[in-house]
Structures are given as structure tokens and as C-alpha cells.
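These are my notebook entries on one structure. I set down what I looked up, entry by entry.

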Amino acid sequence: QVFTFNSVEIRAEPSAKVKNGDPMSIICHADISKSANFHLQHNITIFKDGKLVYMIVSDEEVARYEVPIARSADTGEYECTVKADGKTKSSKSLHVWVTGMTKPILTAEKREVLEGEVVKLRCELPEEVPPLHFLFRKTKTNSTPKEKLVFEAYRNFSTVEFSVEEGDNILYFDCFGRRFVKYINSELESSEPSNRTLVTVKEPFIKPSLIIKSTSNITEGDRIEFECSTVVARMRDIEIILQKNKTILNSVRDEKLLKYSAVATLEDSGEYLCKVEQGRASKTTKLNVVVAELFPKPILSASLSKLDENKELTLSCSISGFRKANFSILRRNSNGDILLKNSRNLTMRVNVNDTGSYICKAEVKGIVKESKPVRISVYAPVSKPTLSVVSGLPEVVLGKPLQLICRLMMGTPPITFTFYKGNEVKKVVINDTYATFLDENIRQNDKRGYKCEARNNHSSGVKTSNILNITVIVPIRNASLGSIPYGDVEDGSGTAFLCSVKEGSWPIHFKIFKKSDHDTLLYEKTESTDRIVWHKETMSRQDTGTYYCMVSNRAKVNVKSHPITINVILASWQKGVIAAFVLILIVGAITL
């Protein structure tokens, strides 16, 4: 009893593409060759997407998996396996696509709602398998539908809420189902629309009415009275709000009438809004109000805006084309305006502390208006300025900048400072109590003196400092050291050292050193001259060595000369003694 599998095949009837709701069969057929006609039992299993959906043990070589109503969940990869007497053979996979989806069912929690409430909807796709997408639509007459998309990963239904807005009356709702089909270029396949559900909307209250009870022509000082009212179906939680420019003026709760009154001013012109709210429902009414001007703003004038201290100042307040008003004159202050006089006019003798801003106010029929501020500046005269060098001493090193400062003890700012070099204006500065000037063009023989002037808006005019003369210090240049005699010096004789400079301001400080491990200072002196001579009376053999001089002045720069070498040699008489001694030694040797 020998057999072998020739092939195992799988197919779908009527085809591999089936319309949703139609019957479908998955057929598995095994082609087997036998050595004789003997009985062979077959174990046939059918899988969808790797999961067992049908199994049968039969003598037949064919098995049918019947699906009476095909749904989108039946879409997938099918494969069958046949086992017989220890041998196994599987078919190739077959893709079956069930096109279309079942029609969704839409239900609404309420068929009649109030404005401000919500409509709760439930959309179900029976016999469909998640994951699924649900699209809900809200439609009202002559408007574009509003949509909400919900994804459900684990169930075949979804719920959603739509708010009912002002103006909604008759609403229609429906929904669609969608699923992701990877076999058609990863697109979403949609169902047909659900049943259309009608929901009617009732108003919880009517649009509010906003009126002004006072005269239609409103002028500043008139009392303006607003009334905002509505008709409500249910009084509970009703709220009426009156606003202007988003500012709430008044509000009432659990009432259907709001009243608000105020004395009208120009600032009360504009758009007013009455809003009625209950739950989520809201309705508004707008009203534009124009308030006519009763009188223009007052004007404050001053006899002078800039004046000297102890002078007389007169302030006057007036209204163009209007005289009957209550006037007051005030001075501005950070802690609150200071009342000076309840009058149209004010005359006073001023001092520096009266500098500031002044206003006037006018009051008619309870309406108070304020003028633009007027700035009054009172000036004390400047004192005589003092000019000095910032570093202290009235001197500067040639090549270095000179910084001057001009100071005042008294004077009301702003103050204008003017710096002069000779009669030439070098710099003009506006500051409070001092100013500085940096002169970077210092010359050796510049004899011009410096001065500064100060002035402000006081009538006394300009004050001038004393002339400041500056000493220009020329740094030391080219120090040199010489000696007489030069080079070789006899032991016991004297030597004169001459240290000089080519250029440098007096006094000059001279130092003469002998070089050693630690240079030894031999001589120093300060002189108002460009050279010094130092006499060393007696030279000895220990004085042989190298010498140099170091020179400095108030420029505080040390200048070192080139070194010179002194060699102390034997004196002439010392050489004679040695020669005589040697001669005696020679004569004695010859005699012997």
C-alpha cells in the first residue's frame, strides 16, 4: 500500500473576490497517487491568516468550508493542509477579498433637545471586526455638515457627542464605517451611510432685548439706563450679563431682567452687549450708544514754561466757548495730585522745588474733565565751575592723554558745559553736575591753557572757570655714561663719571651703578639739569669692572645708558719699584 501526494490545491467559489453578504466556499483538494485501490483516511485543515477555521477527517480527498454570509472580517489569506498515514502536504496561500461593509446602525439618545445641550450618538457596524473607523456627521439646513472621526481598536461600535448651538433647530445625523484594507494599497474602505436620524431643537430662552430707557439723545451728565430682558422656558441657572469692551458692567442670576444705570460720559460711547447664558446655551444682543459732549476739555496755560527762581508764575485754566464751570489747579505727584487752588487762575513766586507738571480740572453737572499737563521748569543759576585734572596734578606726560573734569557746586540741570583749549572750543557736553574732556593731542611746546564754561536756562548766563595751565613732562631719552680718563685708570688716581641725557623734563634723577651679581648703587642725585659729574677720588684694583647710569623723571620711565668698562692698572712709580727690584736681582745673580 504505497501512496504519494501529487499536489494540494485551494480555491474559492464563486471567486476569490466576494461581495459583502454573499455566500462563499473555500475548497481544499488533494491529488494522491496509490499503488492499489486501498482505503486511506485524510485529515484536512483550512487556515485563515494562520488561524484554524475548519477541520475534517474523511475518506474523501476534497473538503468544503462554507461561509453562508461573507463579511469583511472573512477577508484574508487562506491555506489548507492534508495529512494521511504520516505524510503531510500543504497548498499555496489564496487571498480572498470580501468587498464592502455592512450598513452601520445609528441611534440617538434623545430625539428632542434644548439649545446648549448635547446629542449623544451611537454608531454600530454589526458583524464587522475591529479595528474600525467611525465618521459621524451633523447636518442642518443650508450649512456644511460638521464631522467627527473616531477610531475604535477593540470594538465594532463607537459613541460621540455633538453640542447644540444657537440657531440649531432641525438637525440630521448619520455615520459611516471605515476599515483599513492592506490588500488595496493600504487604503480605507468605507461603508454606505447609516440610517438618517432627525433631532429637533427647542430654545431654552429667546434672544435677549437690550434697550435704553432714557432719552435717545444722550449728553454727558445725563443718566443713562439700560434694560436687558429675555423670555425663558426654565428659570433655573439663567444668567444675564451686560458688557462693554469685554468689561462686565452688571449681571443677574435666576432673573429674566437686568437693569444698569450710570451718569453718562464721553467714555461711555461705544458698543454694549447683553448676553444670556444657561448651561451651554448662549445668546447675545448688541446696542451702539453715542454720548454727546457737554463741554470740551479745559486748557491750562502758563505765563512762562521756563523761568528763574523767585520769579512770578501765573497759571490760567479755560474752556473754549464755555465759562460756567468749577475750576481747580493741581500739581502732579506720584502719590496723588496736589490741589493748589480751587480757581480759574493761580499766581505764585516759584523756587526750584516747584519744577514739575501742572494740570487743571473743570466740573460741570458732575462731569469732571482734566487738561493736558503743562511742564514748568524753574532754574537756579549755575555757580562758577572748577576745572581740574582727573589724576590730580596739573601735568601730563608727553604722548599720554589728558583727562579734565569740570564740576559745579550749584545749578539746575540740564547744564551745558563747554571746554576750551586756548580760545578754541574742544567739546560741548550736556549733563547734570559735571562733565569730562579727554585731550589726546598733547604737544611739547603747547602753552595754551584750559578753561570750561557752564550755563543753563537761568537768565544769569554763562559762568567761566579759572585758566588751568598744564605742565607737559617730556620723558627721558638717550641716557649716556662716560669717564675721564676712559678705559685704563692708574691705581690710586681719581676718575670723573659723566651721566647725561639728550632730552627730558627737569628735575632729573641720576643713578650710577657698578655691575655685579647684585648691581651696586654708587651714586645718585636729583638735579634740574641734563647731566651730572661724579668724582671718585681714588681708584683701586677692586674698582675694575663695568659701569652704567640709570636716569628718570616725573614721567616715571627709567632709561639705562650703555655700559662702560674701567680697567685699573699699576701706577708709574709702582712700575719703577718693580723694575728696580728686578734689576737688583739680575745684578746679584751675575755677581754670584
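This is a predicted model: local features need pLDDT of at least 70, side-chain atom pairs count only at pLDDT 80 or more; totals for chains, interfaces and linings use all residues.

Leaving aside neighbours within four places in sequence, I find Asp337 in contact with Leu330, Arg331, Arg332 and Ile359. I also noted a distance of 9.0 Å between the C-alpha atoms of Asp337 and Tyr358, two residues that stand 21 residues apart along the chain.

**Entry: overall form**

I then turned to the whole protein, for which I count 1 helix and 54 strands. The radius of gyration is 58 Å, whereas a compact globule of 592 residues would have one near 25 Å. Taken along the principal axes, the box filled by the C-alpha atoms is roughly 165 × 125 × 35 Å. Of the 592 residues, 40% count as buried, and the accessible surface comes to about 33,600 Å², with 50% of it belonging to carbon and sulfur atoms. Among contacts with a separation of 6 or more, 61% are between residues 24 or more positions apart.

**Entry: charges and salt bridges**

How many positive and how many negative side chains does the protein have? I find 82 positive and 69 negative, with the centres of the two sets lying 8 Å apart. Side chains of opposite charge can pair when their charged atoms come close, and for this protein the count comes to 35 salt bridges.

I looked at several of these pairs in turn. In one of them, the side chains of Lys283 and Glu203 meet at 2.2 Å, N to O. That pair links distant parts of the chain, 80 residues apart, with Lys283 in strand S26 (residues 281-289) and Glu203 in the loop between strand S18 (197-202) and strand S19 (209-212). Lys283 is buried at a relative accessible area of 2%, whereas Glu203, at 46% relative accessibility, counts as partly exposed.

Another salt bridge joins Glu293 and Lys369, whose closest N and O atoms are 3.4 Å apart. Glu293 lies in the loop between strand S27 (291-292) and strand S28 (299-302) and Lys369 in strand S35 (residues 367-370), so this pair ties together parts that are 76 residues apart in sequence. Here Glu293 is partly exposed at 43% relative accessibility, while Lys369 is buried with a relative accessible area of 8%.

Asp530 and Arg531 also form a salt bridge, with 3.3 Å between the closest N and O atoms. Asp530, at 28% relative accessibility, counts as partly exposed, and Arg531 counts as partly exposed at 44%. I noted as well a network of salt bridges that links Arg11, Glu13, Arg64 and Glu66.

**Entry: backbone geometry**

Most residues other than glycine have a negative phi, and most peptide bonds are trans, so I looked for exceptions. The peptide bond from Glu13 to Pro14 is cis, with omega near 10°, and Pro14 is in the loop between strand S1 (3-13) and strand S2 (17-19). The bond from Ile484 to Pro485 is likewise cis, with omega near -5°, and I place Pro485 in the loop between strand S46 (477-484) and strand S47 (488-490).

Asn142, which is not a glycine, has a positive phi of about 55°; it sits in the loop between strand S13 (132-140) and strand S14 (146-152) and is exposed, with a relative accessible area of 81%. Lys246, also not a glycine, has a positive phi of about 70°; its place is in the loop between strand S22 (239-244) and strand S23 (247-253), and Lys246 is exposed at 79%.

**Entry: Ser91**

Which residues does Ser91 touch, not counting those up to four places away in sequence? I find Val8, Glu9, Ile10, Glu79 and Cys80. Ser91 is in the loop between strand S8 (87-90) and strand S9 (94-99), and at 7% relative accessibility it counts as buried.

Key
Residues are numbered from 1 along each chain as its sequence is written. Side-chain values use heavy atoms; hydrogens and water are left out. A salt bridge is a side-chain nitrogen of Lys or Arg within 4 Å of a carboxyl oxygen of Asp or Glu. Helices (H or I, at least four residues) and strands (E, at least two) are DSSP runs, numbered from the N terminus. Buried means under 20% relative accessible area, exposed over 50%, partly exposed in between (1.4 Å probe, protein chains only). The radius of gyration is taken over C-alpha atoms; the globule rule is 2.2 Å times the number of residues to the power 0.38. Contact means heavy atoms within 4.5 Å. Accessible areas come from the Shrake-Rupley method with a 1.4 Å probe; for residues, only the protein chains shown count as cover. Lys and Arg count as positive and Asp and Glu as negative; His and the chain ends are not counted. The place of a charge is taken as NZ of Lys, CZ of Arg, CG of Asp or CD of Glu.
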